[in-house]
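Welcome, and thank you for taking a look at this structure. Please open the view below and keep it at hand while you read.

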Amino acid sequence: MRKLACFLFSIGALLGSTVGFAHGLRITVQLTPSGITGQSYYSDESPARYERVLVENKRGVMFAQSRTDDKGRFSVDLPGAGHYVIVAEGEEGHRAETEIDFLPVGKTSGTTLEAPAGSASGASTEPIAAMLRDELQPLREQIARLENRIRTADIIGGIGFITGLAGVAALWQARRTRQVS
Amino acid sequence: MHISEGVLSLGVLAGGGALATVAVGIGLRRLPESRIPLAGLLCALFFVTSLIHIPVGITAVHLVLNGVCGIMLGWGAFPVIAIALLLQALLFGFGGLTTLGVNILVMGTPALVCYTLFYAATTARPITASQAMWRGAICGMCGIALGVMLMASVLWLSGGRSFLPLVWAVMLTHIPVLLIEACLTAALVSTLLRTQPALLKPLEQA
């Protein structure tokens with residue numbers, strides 16, 4: 001059993017040394033004057049290339065669709081003010097979605113999905129708001145990536161949980177065997 | 001191979017959940033006491049290996065190791081896979097809680113088929129090293145291939161996708177995984193036959 005444990009964990013360690021984390025689909029979205037722009041990527045942080053992006057309402061009615069480029073980026077013009085659900089669809093049943101409130105230029109509140117950026121009402125402030133959006137976009141994407149990143153603590157915690165569960169099962173079985181005997 | 005939330009129809013989710021519950025129940029009853037530590041070990045391995053991705057073209061695929069789980073645990077692979085998938089959904093956001101049942105079936109059913117394949121016609125004579133290696137390789141490949149077919153089936157049942165192009169597209173991206181799993185499973189069962197032959201016996205004899 002000890003040899004088997006060593007063997008299995010050797011395989012894990014060997015493969016784990018090249019770890020890139022697969023495979024949940026993620027999406028980040030920011031507002032632009034005419035719609036949204038964003039990025040879709042897998043949990044190993046590789047871009048979700050050429051995947052479908054849908055803009056729907058809460059009831060699933062589709063307003064617009066687009067495809068990500070080779071860097072996983074997309075931009076979609078929205079038809080008007082409203083609450084939208086942005087869905088990224090990957091292959092093999094992968095899917096990620098997020099929700100935004102959109103107000104067109106002149107009415108824009110400058111809010112984004114990750115963090116409200118305060119208000120900037122009126123068309124005269126729009127160039128400043130646009131500049132701020134451009135400046136803050138990489139930072140927001142980085143924050144979203146950090147939030148979604150798989151942490152080593154989660155992996156170790158999961159393995160610990162499994163070990164504990166196996167221990168409890170073994171204990172329960174041993175007690176049952178003792179009672180029977 | 002994790003199907004996300006919001007992809008499958010309600011009927012498929014409910015059916016998958018019910019079948020998975022039954023399968024996990026059977027698995028818990030049939031898992032021999034002597035293999036509980038092994039089940040924990042394989043659960044941890046399954047939990048971790050799904051994090052390892054292999055870039056294929058514009059996408060990436062990951063190892064599953066359901067064939068290995070099936071060979072060693074039979075029906076017991078279902079609870080092992082269920083716990084690993086639950087933790088992956090909660091900790092990493094892979095798959096989802098509503099699709100947990102379907103994902104358990106997609107990865108667990110091939111494991112059960114692998115168990116049947118591996119021990120087919122082995123009651124009369126003990127399995128030889130070369131037999132174990134070849135059977136292991138076939139089971140490693142079957143685990144992935146059947147999983148892909150089941151995944152394509154549930155996506156097709158939920159509508160919106162044509163079955164054969166989907167199967168071929170997914171199968172094509174999984175060819176590297178298929179080969180790696182075949183080699184890994186073959187190596188593992190060959191090693192086990194030399195070092196721990198007791199673990200390569202059908203569950204009734206465990």
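The axes of α3(B) and helix α8 (residues 175-195) of chain B lie 9 Å apart, and the two helices pack at an angle of about 30°. That angle makes α3(B) roughly parallel to α8(B). The crossing of α3(B) and α8(B) is right-handed.

Please keep in mind that this is a predicted model. The predictor gives the complex an ipTM of 0.74 and a pTM of 0.77.

**Helix packing around α1 of chain B**

Helix α1 (residues 10-30) of chain B comes within 7 Å of helix α5 (residues 100-118) of chain B, axis to axis, and the two cross at roughly 60°. They are therefore oblique to each other. In this crossing, α1(B) passes α5(B) in a left-handed way. On the α1(B) side the contact is made by B:Val12, B:Leu13, B:Gly16, B:Gly17, B:Leu19, B:Ala20 and B:Val24, while α5(B) brings in B:Gly101, B:Val102, B:Ile104 and B:Leu105.

Helix α1(B) also packs against helix α4 (residues 77-92) of chain B, with axes that come within 7 Å and cross at roughly 120°. This angle makes α1(B) oblique to α4(B). Here B:Ala23, B:Val24, B:Gly27 and B:Leu28 in α1(B) meet B:Phe78, B:Pro79 and B:Ala82 in α4(B).

| Helix pair | Axis distance | Angle |
|---|---|---|
| α3(B) and α8(B) | 9 Å | about 30° |
| α1(B) and α5(B) | within 7 Å | roughly 60° |
| α1(B) and α4(B) | within 7 Å | roughly 120° |

A disulfide is a covalent bond between the sulfur atoms of two cysteines. B:Cys139 is buried, with a relative accessible area of 1%. B:Cys142 also has its closest cysteine sulfur in B:Cys114, but at 5.7 Å that sulfur is too far for a bond.

**Chain A from end to end**

Now for chain A, whose secondary structure comes to 3 helices and 7 strands. Read along the sequence, the pattern of chain A is α-β-β-β-β-β-β-β-α-α. Of the 181 residues in chain A, 40% are buried. Among contacts in chain A between residues at least 6 apart in sequence, 48% join residues at least 24 apart.

One residue to look up is A:Leu165, which sits in helix α3 (residues 152-180) of chain A. A:Leu165 is partly exposed, with a relative accessible area of 33%. Between A:Leu165 and A:His83 there are 82 residues in sequence and 43 Å in space, C-alpha to C-alpha.

**Two residues with a positive phi**

Most residues other than glycine have a negative phi. A:Tyr50 has a positive phi, near 55°, and is not a glycine. A:Tyr50 lies in the loop between β2 (35-42) and β3 (52-56) of chain A, and at 43% relative accessibility it counts as partly exposed. In chain B, B:Leu65 has a positive phi of about 65° although it is not a glycine. B:Leu65 is found in the loop between β2 (59-62) and α3 (66-73) of chain B. Is B:Leu65 buried or exposed? At 5% relative accessibility, B:Leu65 counts as buried.

**How confident is the predictor?**

Chain B averages a pLDDT of 86, and 93% of its residues score at least 70. For chain A the mean pLDDT is 75, and 75% of the residues reach 70 or more. Within chain A, confidence is lowest in helix α1 (residues 2-16), at a mean of 50, and highest in strand β5 (residues 73-77), at 90. The pLDDT is below 50 over residues 11-22 of chain A, a stretch that has 26 contacts in the model beyond near neighbours in sequence. Residues 108-120 of chain A also have a pLDDT below 50, and this stretch has 28 contacts beyond near neighbours in sequence.

Note on methods
Residues numbered from 1 in each chain as written. Chains lettered and ligands numbered in written order. Predicted model: local features only at pLDDT ≥ 70, side-chain atom pairs only at ≥ 80, totals over all residues. Heavy atoms only, no water. Buried < 20%, exposed > 50% of the residue type's maximum accessible area, 1.4 Å probe, protein only. Disulfide = S-S within 2.5 Å. pLDDT = per-residue confidence, 0-100. Axes fitted to C-alpha atoms, helices over the stretch in contact; angles between N-to-C directions. Helix = DSSP H or I, 4+ residues; strand = E, 2+ residues; numbered from the N terminus. Parallel < 35°, antiparallel > 145°, perpendicular 65-115°, else oblique. Left-handed = near helix turned anticlockwise from the far one by under 90°. Contact = heavy atoms within 4.5 Å.
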